[in-house]
Amino acid sequence: MTTNLFTPIALGPQTLPNRIVVSPMCQYSADEGCATDWHLVHWGQFALSGAGLLMIEATGVNPEGRITPGCLGLWNDAQEAAIADRLARVREFSDMAFGIQIGHAGRKASAFRPWEGPGHYAPGQGGWVPKAPSALPFAEDWPVPEAMTEDEIAAVVDDFAATAQRAVRLGLKVIEIHAAHGYLLSSFLSPLANRRDDRYGGTDENRRRLPLEVFAAVRAVCPDDVAVGMRFNGTDWVEGGLGADDAVALARALHQMGADFVDVSSGGNAPAKIPVGPGYQLPFASRIRREVGIRTIAVGMIRSPLHAESIITGGEADMVALARGFINDPRWPWHAAEVLGHAIDVAPQYRMGATSLNRPAAAR
Ligand SMILES: Cc1cc2nc3c(=O)[nH]c(=O)nc-3n(C[C@H](O)[C@H](O)[C@H](O)COP(=O)(O)O)c2cc1C
């Protein structure tokens, strides 16, 4: 039986076999920004999952762009080689598509790894002074960032482009620019964090300038067969912050500039009460898809296969991304296929454990 969740989709120049994305998930397990064997295990398990795309975690475009000292980076040759090595080993066993999310942590940088507790590394003690649109901390007790000069802004645009070039060399066919969750590009977009009075702040158009410059620079260095898109907030969930209209306007601008997809998340620009529940960010994605007509990835508490199927069938999004659902069930697509009565192929070594639907007809 064919289900809409398991129908192939063109994400710009890339055709993916189904609508399921392993959402980017920071692992805080890099060494000087270099991927480690943790990444081999992490990517390897999802490469056998049957998902249509795995988006590698938020990857810093420069040292201050990492959220924690343990975050992945892609600004030097050692980091490129470390990803190349782990990817090559995963690709021995899976031809699943890999993309990468590239980002800069902005005022939320220099943080402890989550399991080290809340807090930040001080400059000189493993940490650094975070950069931001304005010298405003995310919240009380957070480090006060340095407001970026226009030269520093231009350098960050170059850093995104240089990282994208490395991603292209790595054979990654989907690049997602991280402009969500209050990190640098997200904070430039949000009036809660951006109080600049130059051409990067003030009006809506000015606050969109940096993310759009980054998009243009990344698009310009990517060959035609690489899909380029952006993850951003559907809302900040805070009065006076970004809302659904802003998200539609950003999606429209990206669409006009040739973006292949958007990935709609929310929150992170200020402490907020977020009404987390199944599909809680979906209305923002579906409005963008309806009004702008760009390929749209929905994310946020999508756990039930029937829900995922209904999102695609109802035209609310083109793809669904799962993060926590995949941690909990690394073979979620097998189980979704089973629920939806769809046959997918699995690695021959694992066929004995799969249901009959997960085996090719000849092996049933
Ligand atoms: C461990 C973990 C790491 C995450 N790291 C990232 C990240 O690198 N980039 C990003 O945009 N979102 C990140 N997220 C957010 C997820 O991609 C996803 O948007 C969010 O968890 C909601 O989806 P879910 O309900 O399926 O988990 C992370 C989430 C988790 C649980």
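## Overall architecture

Of the 364 residues of the protein, 52% count as buried. The model is a predicted one. It comprises ten helices and twelve strands. The radius of gyration of the protein is 20 Å, close to the 21 Å that the globule rule gives for 364 residues, so the protein is as compact as a globular protein of that length.

Taken along the principal axes, the box filled by the C-alpha atoms is roughly 65 × 45 × 40 Å. Among contacts in the protein with a separation of 6 or more, 69% are made by residues 24 or more positions apart.

## Surroundings of the ligand

The ligand is surrounded by 19 residues, of which the closest are Ser23, Met25, Ala58, Ala323 and Arg324. Sorted by class, this shell has nine nonpolar, seven polar and three charged residues. Two elements, strand β4 (53–60) and helix α9 (324–328), each supply at least two residues of the shell.

## Helix α6

Helix α6 spans residues 244–256 and thus has 13 residues. From its first C-alpha to its last it reaches 18 Å, close to the 18 Å expected at 1.5 Å a residue. The buried residues of α6 are Asp246, Ala247, Leu250, Ala251 and Leu254. These residues lie on the same side of α6 because they cover an arc of only 135° around the axis.

On the face of α6 turned away from the buried side are the exposed residues Asp245 and Gln256. Gly258, which follows α6, has a positive phi, near 100°.

Most residues other than glycine have a negative phi. Which value does the phi of Tyr28 take? Phi of Tyr28 is near 50°, a positive value in a residue other than glycine. Tyr28 lies in the loop between β3 (20–22) and α1 (37–47). With 20 other C-beta atoms within 10 Å, Tyr28 is buried.

Trp237 also belongs to a loop, the one between β9 and α6. Its phi is near 60°, again positive in a residue other than glycine. Trp237 counts as buried because 20 other C-beta atoms lie within 10 Å.

Terms used. Residues are numbered from 1 along each chain as its sequence is written. This is a predicted model: local features need pLDDT of at least 70, side-chain atom pairs count only at pLDDT 80 or more; totals for chains, interfaces and linings use all residues. A residue is near a molecule or strand if its C-beta atom, placed from the backbone, lies within 6 Å of it. Helices (H or I, at least four residues) and strands (E, at least two) are DSSP runs, numbered from the N terminus. Ala, Val, Leu, Ile, Met, Phe, Trp, Tyr, Cys and Pro count as nonpolar, Asp, Glu, Lys and Arg as charged, and the others, Gly among them, as polar. The expected span of a helix is 1.5 Å times one less than its number of residues. A residue is buried if 20 or more other C-beta atoms lie within 10 Å of its own, exposed if 12 or fewer, and partly exposed in between; C-beta atoms are placed from the backbone. The arc is that of the directions from the helix axis to the C-beta atoms. The radius of gyration is taken over C-alpha atoms; the globule rule is 2.2 Å times the number of residues to the power 0.38. Two residues are in contact if their C-beta atoms, placed from the backbone, lie within 7 Å.
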